[in-house]
Amino acid sequence: MLEIATPETIMFWALAPLSVIAALGMLVVKKAVHSAILLAFVMVTLAIFFIAQGAVFLGVVQIVVYTGAVMMLFLFILMLVGVDSSDSLTETIKGLRWIAIAAALGFGGLMIALIARATLGRTAIGLEIANSDGNVEGIAMLLFSDYVLPFEVISALLITAALGAMVLAHHQRTNRRPSQREQAIARFRTGSLSDAAGLPGPGVYALHNAVDVPALLPDGTPAPTSISATLKARGDVIESAPFQLDVVDPTIKEEK
Amino acid sequence: MTTAELLGQDPVWLIVVKAVIVFAICVVSTLLAVWTERRVLAKMQRRTGPNRVGPFGLIQSLADGVKLALKEDIIPAAADKVVFIAAPIIATSMCFMAFAVIPMTGKVNLFGQETALQLTDLSVGVLYILAVSSIGVYGIVLAGWSSGSTYPLLGGLRSSAQVVSYEIAMGLSLVAVFIYAGSMSTAEIIGSQHENYWNALVLFPSFVIFVISMVGETNRAPFDLAEAEGELVGGFHTEYSSLKFALFFLAEYVNIVAVSALATTLFLGGYHAPPGLGFTEGWLGGWFTIVWFFLKVNIFFFIFMWLRASLPRLRYDQFMKFGWKVLIPASLIWILTVATLRVIQQEGASRTVLIAFVLGLVLIGFAITSLFERSKKKSEEPMTQGDAPDFPVPSLPGVSSINVSAQTGGDRE
């Protein structure tokens with residue numbers, strides 16, 4: 001048996017319950033983002049275990065890779081599921097629950113079988129021999145000699161997945177998008193020049209200065225271009241009339 | 001004796017003392033950095049900058065910090081409370097952790113113990129810094145999400161996309177350094193530079209890529225899209241106030257100092273004196289090396305300020321395009337070159353082979369760029385003629401300007 005030092009034992013009993021609780025919480029919490037955060041926490045605690053057991057490189061790479069991966073997950077949640085989405089238990093695909101349970105059992109069985117194959121009936125050779133050429137060099141040696149085929153297969157799988165995601169997300173533009181320069185030129189060359197310097201801002205009055213009130217033009221009429229078309233379509237626009245002065249004296253006194 | 005062995009002899013009390021020293025250095029350098037930045041920016045913009053509190057306004061940032069801490073702490077009703085509070089803590093604690101593996105002096109005597117001013121030396125120290133800084137970004141992303149408001153969410157999203165794309169470029173720029181130094185430990189990289197040349201010279205392209213991506217990594221101008229105040233009010237920290245905002249503020253500056261320190265370590269020879277000034281390293285029993293270290297860190301900090309003063313913020317798609325289509329391919333090609341050169345060197349090939357290889361690469365580069373030049377066609381379409389404006393404008397090609405005196409009937413005379 002390998003010797004386990006005391007500080008490592010203390011660290012294990014402090015972190016292991018936390019990581020198990022976080023892993024369970026990941027399954028239980030309602031919000032998808034909370035789940036992602038807990039997943040990141042589990043990954044970090046796992047990395048600390050790796051480091052404590054002498055696999056420094058593996059631990060650090062675990063953090064670098066999985067924080068990036070969880071970050072992507074986070075983005076997927078925000079973009080595909082929605083910012084404040086919670087779990088819903090309705091099945092969108094028929095029999096999804098059974099497929100999920102079967103997949104989970106299969107994966108669990110595979111993991112147990114792999115770990116058993118790697119540990120049962122073998123004696124641990126210890127860190128000193130495994131790290132004799134240095135931890136990083138040892139991993140590199142294994143990765144690029146014995147395990148080069150699985151390594152390449154996994155990379156091919158990942159590239160295929162990335163390409164598939166690109167194909168799914170890609171849409172062909174029917175016409176070329178005008179560049180910023182072309183847009184700027186077009187603003188000056190076509191139509192009226194009065195909008196060339198940008199559209200007027202919304203109304204700013206003593207009583208109200210939000211984006212939902214149109215600005216007043218010099219002649220006292222509201223400027224329709226000063227508010228967003230979305231707000232107008234939603235019907236969230238307030239009349240600017242209540243904010244007008246009662247009597248506007250249109251006469252101009254010439255200064256002598 | 002290697003630095004790792006030297007640091008391995010530290011008793012527990014010394015580790016605690018060094019941790020406190022590193023923490024103090026981070027906090028004090030933040031205070032000074034804020035002051036320096038405001039003064040230097042002011043100089044560049046022909047202003048004076050803060051000059052009222054203390055000599056030369058030195059205590060201004062301390063006064064600001066106290067004021068910030070005493071402000072009302074607001075948690076928005078729509079915020080996710082736990083994450084909202086945890087986010088600034090994650091952001092701040094992680095950038096302090098990055099400092100643990102930065103060597104600030106050579107071998108020195110601290111309270112009667114032979115040691116170096118470096119908390120620990122990991123065999124994968126540089127990767128460790130990458131790891132903690134990528135956790136630190138979670139602070140920003142979670143702050144954006146948990147605020148329950150649109151602008152912070154957009155800021156958080158931008159920052160996560162930024163980190164995912166610029167950290168790749170940063171990691172790739174480090175690979176060349178690892179290949180050259182044959183190690184990923186900060187102390188050993190410094191050692192290898194001390195024996196040869198500084199990496200900034202030998203691996204100049206890596207150096208350039210690292211400096212660019214480190215600006216992207218720290219959310220600083222011109223890459224500060226996550227907190228673009230012109231577009232997103234304050235970006236991810238719009239809803240934060242009081243101490244929590246102060247923590248983000250602290251995190252930003254500690255982060256700047258940390259990446260500057262990393263750049264110093266990897267590319268400018270760390271705490272060692274510049275060539276020709278090696279005799280200074282023995283002064284004050286080795287403590288003088290910390291002066292060289294902070295001088296070099298300040299060079300990078302000055303670059304940060306200089307960039308902020310001179311460059312406008314990038315548009316988001318330009319920023320992404322630059323990261324993915326320029327920085328990453330460039331660093332990939334550079335890594336291939338460095339790796340090949342390194343193998344050629346280690347196999348003991350003659351100098352002629354090396355030079356022939358480099359010349360061949362340069363020729364291929366010329367050939368590719370000349371192809372690009374030829375394929376670039378400039379569109380010379382005629383501009384469309386617009387309506388004649390009904391008010392006077394300066395005359396432009398294609399627009400007929402109005403003759404003012406003709407319209408007003410010349411009654412101005």
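Lys296(B) sits in helix 12 (residues 289-310) of chain B; helices are DSSP runs of H or I, at least four residues long, numbered from the N terminus. Lys296(B) is buried because its relative accessibility is 4%, where buried means under 20% relative accessible area and exposed over 50% (1.4 Å probe, protein chains only). This is a predicted model: local features need pLDDT of at least 70, side-chain atom pairs count only at pLDDT 80 or more, and totals for chains, interfaces and linings use all residues. Residues are numbered from 1 along each chain as its sequence is written.

**Around Lys296(B)**
- Beyond neighbours within four places in sequence, Lys296(B) contacts Trp198(B), Thr264(B), Leu268(B), Gly269(B), Gly270(B), Tyr271(B) and His272(B).
- Contact means heavy atoms within 4.5 Å.

**Positive patch**
- Arg173(A), Arg177(A), Lys321(B) and Lys325(B) form a surface patch of positive charge.
- Patch residues have over 30% relative accessible area and no salt bridge; like charges are joined within 9 Å, nonpolar side chains (Val, Leu, Ile, Met, Phe, Trp, Tyr) within 5 Å.
- A salt bridge puts a side-chain nitrogen of Lys or Arg within 4 Å of a carboxyl oxygen of Asp or Glu.
- Lys325(B) lies in helix 13 (residues 316-346) of chain B.
- Lys325(B) is exposed, at 61% relative accessibility.

**Nonpolar patch**
- Val28(B), Leu32(B), Phe56(B), Leu58(B), Ile59(B), Leu62(B), Val66(B) and Leu70(B) make up a nonpolar surface patch with about 750 Å² of accessible area together.
- Helix 2 (12-44) and helix 3 (60-69) of chain B each supply at least two of its residues.
- Leu70(B) is in the loop between helix 3 and helix 4 (81-98) of chain B.
- Leu70(B) is exposed, with 69% relative accessible area.

Definitions and conventions. Chains lettered and ligands numbered in written order. Heavy atoms only, no water. Areas by Shrake-Rupley, 256 points an atom, 1.4 Å probe, with all protein chains shown as cover. Lys, Arg positive; Asp, Glu negative; His and termini not counted. Charge placed at Lys NZ, Arg CZ, Asp CG, Glu CD.
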